[in-house]
Amino acid sequence: MPTDTTILELDAPIALQAIAQLAEHSPLIHCITNTVVQNFTANLLLAAGAIPAMIIDPSECQEFAQVADGLLLNVGTLHREHCPTYYHAAENANRYAKPWVLDPVAVGGLTLRTEFCRKLLSLNPSVIRGNASEISVLAGGGASGRGPETQLSTDQALDAARQLATTIEGIVVVTGEVDLVTDGHRTLKVLGGSVLATRVTGAGCTLSALCAAFASLEGDRLTNVASACWMMSRAAEFAARQAAGPGTFALHLLDGFAQLREAQ
Amino acid sequence: MPTDTTILELDAPIALQAIAQLAEHSPLIHCITNTVVQNFTANLLLAAGAIPAMIIDPSECQEFAQVADGLLLNVGTLHREHCPTYYHAAENANRYAKPWVLDPVAVGGLTLRTEFCRKLLSLNPSVIRGNASEISVLAGGGASGRGPETQLSTDQALDAARQLATTIEGIVVVTGEVDLVTDGHRTLKVLGGSVLATRVTGAGCTLSALCAAFASLEGDRLTNVASACWMMSRAAEFAARQAAGPGTFALHLLDGFAQLREAQ
Amino acid sequence: MPTDTTILELDAPIALQAIAQLAEHSPLIHCITNTVVQNFTANLLLAAGAIPAMIIDPSECQEFAQVADGLLLNVGTLHREHCPTYYHAAENANRYAKPWVLDPVAVGGLTLRTEFCRKLLSLNPSVIRGNASEISVLAGGGASGRGPETQLSTDQALDAARQLATTIEGIVVVTGEVDLVTDGHRTLKVLGGSVLATRVTGAGCTLSALCAAFASLEGDRLTNVASACWMMSRAAEFAARQAAGPGTFALHLLDGFAQLREAQ
């Protein structure tokens, strides 16, 4: 299949349809994520219409894979002792045909997570969501080593994203000023959002959880996952209009998600 | 003692008296709770007039049992390695005659926590706070397996709650549209609240912490624990009037608690 | 060098200069902190102009010491298994000449953390930030044992703070109604703030993280660290004017930090 080099913007009606589908189905999303953003992630999923569950015991993770609709693996506060739990959770998601999302927070300069995320690639994540630097590292490029901050523009990472999507036979989301969502062949872009989202911890992490929720829906997964980005951008714009700074922004962001959900 | 089948609504003056008592005594509440809601739990206890302490090391838990006024055990993010710490904390609370609350988050479909919470019943928790499904499971009924979401109405769980309260010789709180608080003989109900509380993660978890605080007060424990539910319902109604969605609701909820405290 | 017994108030222009320097350099601050306040800490550092990173794996902590600009160690939810990670993180900060801050939460009545924090003193923390009770305990005085609440006035702790600062050859910050910042010879004070900060969990913990950020700046470390206290006090006053209680206060506090940063 030849690559379509045109990057289309996701249409609002398609995104709104996906948001309505999310509200209707209330997918149950298992989040194995860093302890910094667990609360914000749970609240954002609830506001958007999904049901979060943060379960960490290996045996319970295995049981839960059968009832969950999707899985998030976020390595933000990874400890070497967590790795088997993460790995088996991904295996179980595959076994029960549930989509799973990898958020490779700060891969590059930190060896444990970089090697572990590369190992997870062999389990073919359904979706990888990262910034340009993180996606570039996983696609085989260089690393910045300055932690979670990105050094590349989103455009520069597009080639890496397409390559990585082809490798995992899944979807790669590169977020930044413009969000790009690609399966290696088709690429969608989502514009807008707010710079305030970069001043709140976990905006990217929570978007990854939301990608798991949207990836669990029926229909075209590429447009569904792009709809997660679209919902985040619209909620961020709503919040930026209400907010006097990053503190109030984070709360209005949750309200914005709820209003988008309720409007459907 | 025969069971009183009349379910009385908790009187506001009694609840307000308990709230004043809480503000006066500022009980120190040891919370061993899930990592998703630790922050919200601590802030809610502070707003209500109690002092939270989140201590997790086994040896420190043992020391702290002597100075704490109450204990919360919440199994939301239980790991099998945590079980001994939880168990010994409950034993120590009993040893020092401090009330302890069990929040059996999502028991039913997940084996580790279900078996562990059943084992904890033998230590006679002072209070168990859960939704209808969780209480039903602990009383010996079936389970839904869909995680923390409840499938039964509060009324349907009343029989289970009475039975469970009798078994543990303590108090069982079933929260839902109507909150029921029973010691197996007397049952109180608390009305009101806001549906927005179901869109914020940890509303139930924080109520369980609050039950530990109120259970530590002098006087009739049944009305004291019901007063925790009453305070939550009134704060939720206050917050619902101020809020534009679940994000702002959570913050106004804390303000509502503080205003109820300060009004006494 | 004789001790200057005059306690000068930090000048606003000096604090504003340090705030501008923080915004310009965006120091990367490694926070090994308790799970209750991780999210609030990360958001406060971002609002103030620093970049937080919460990394917990021992090998990653070692790698990160080379790129981080400062380190926070907060023992709020310490577990005995964490101690080696904390200890090596401090050693590595020293090896790479990065400042590190110790927040000895609730030392005194709890043996593990008290003994461990005393052991950390031998690694000469750049800054220790605590309340009067905590500083007094580390300086060799008695303990209250009632958890994180302080029992001594800030003034009473000044002698202890000077003594402790001399011992570690670093800076000690005692926070309370008046904040005192001393290197054992010179002492600065910072006035103001809001009593609402005592009703939000982690106000002290986040200030310790902010001290790490300011300690990483060029120039006089004593005035830089005092500037962290100054920024907190001004942001708290801003928030108190906007807030209707502790919930909304916490969010406006973050907005206040962002506004102080942006004004420079």
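The model is predicted. Chain C can be laid on chain B by a turn of 120°, which is the relation of a three-fold axis. The area buried between chain C and chain B is about 2400 Å².

**Arrangement of the chains**

- Within chain C, the C-alpha nearest the axis belongs to C:Thr35 and lies 3.9 Å from it.
- Chain B is superposed on chain A by a rotation of 120° with 0.0 Å of shift along its axis, and the RMSD is 0.0 Å.
- In chain B, the residue that comes closest to the rotation axis is B:Thr35, with its C-alpha at 3.9 Å.

- The size of an interface is often expressed as the accessible area that is lost when the parts come together.
- For chain C and chain B this buried area is about 2400 Å², and carbon and sulfur atoms give 55% of it.
- Chain C contributes 30 residues to the contact, and chain B contributes 30 residues.
- Only 7% of the interface residues of chain C are also interface residues in chain B, so the copies meet through different surfaces.
- Likewise, only 7% of the interface residues of chain B are also interface residues in chain A, so these copies meet through different surfaces.

**Interactions and elements at this contact**

- Between chain C and chain B there is 1 salt bridge.
- This salt bridge joins the side chains of B:Glu60 and C:Arg113, at 2.6 Å from N to O.
- On the side of chain C that touches chain B, α5 (111-121) and α10 (246-263) of chain C each supply at least two residues.
- The element that gives the most to this side is α10(C), with 4 residues.
- The residues on this side of chain C comprise 11 nonpolar, 14 polar and 5 charged.

**Sites listed in the record for chain A**

- Under "binding site", an unreviewed UniProt entry lists A:Arg129 and A:Thr175.
- These positions are spread over 47 residues of sequence, yet they cluster in space, with a largest C-alpha distance of 7.4 Å.
- A:Arg129 lies in strand β6 of chain A, which covers residues 127-130.

Methods: Residues numbered from 1 in each chain as written. Chains lettered and ligands numbered in written order. Predicted model: local features only at pLDDT ≥ 70, side-chain atom pairs only at ≥ 80, totals over all residues. Heavy atoms only, no water. Contact = heavy atoms within 4.5 Å. Buried area = accessible area lost by both parts, 1.4 Å probe. Salt bridge = Lys/Arg side-chain N within 4 Å of Asp/Glu carboxyl O. Nonpolar A, V, L, I, M, F, W, Y, C, P; charged D, E, K, R; others polar. Least-squares fit on C-alpha atoms with pLDDT ≥ 70 in both. UniProt positions renumbered as here; feature names shortened; annotations may be inferred.
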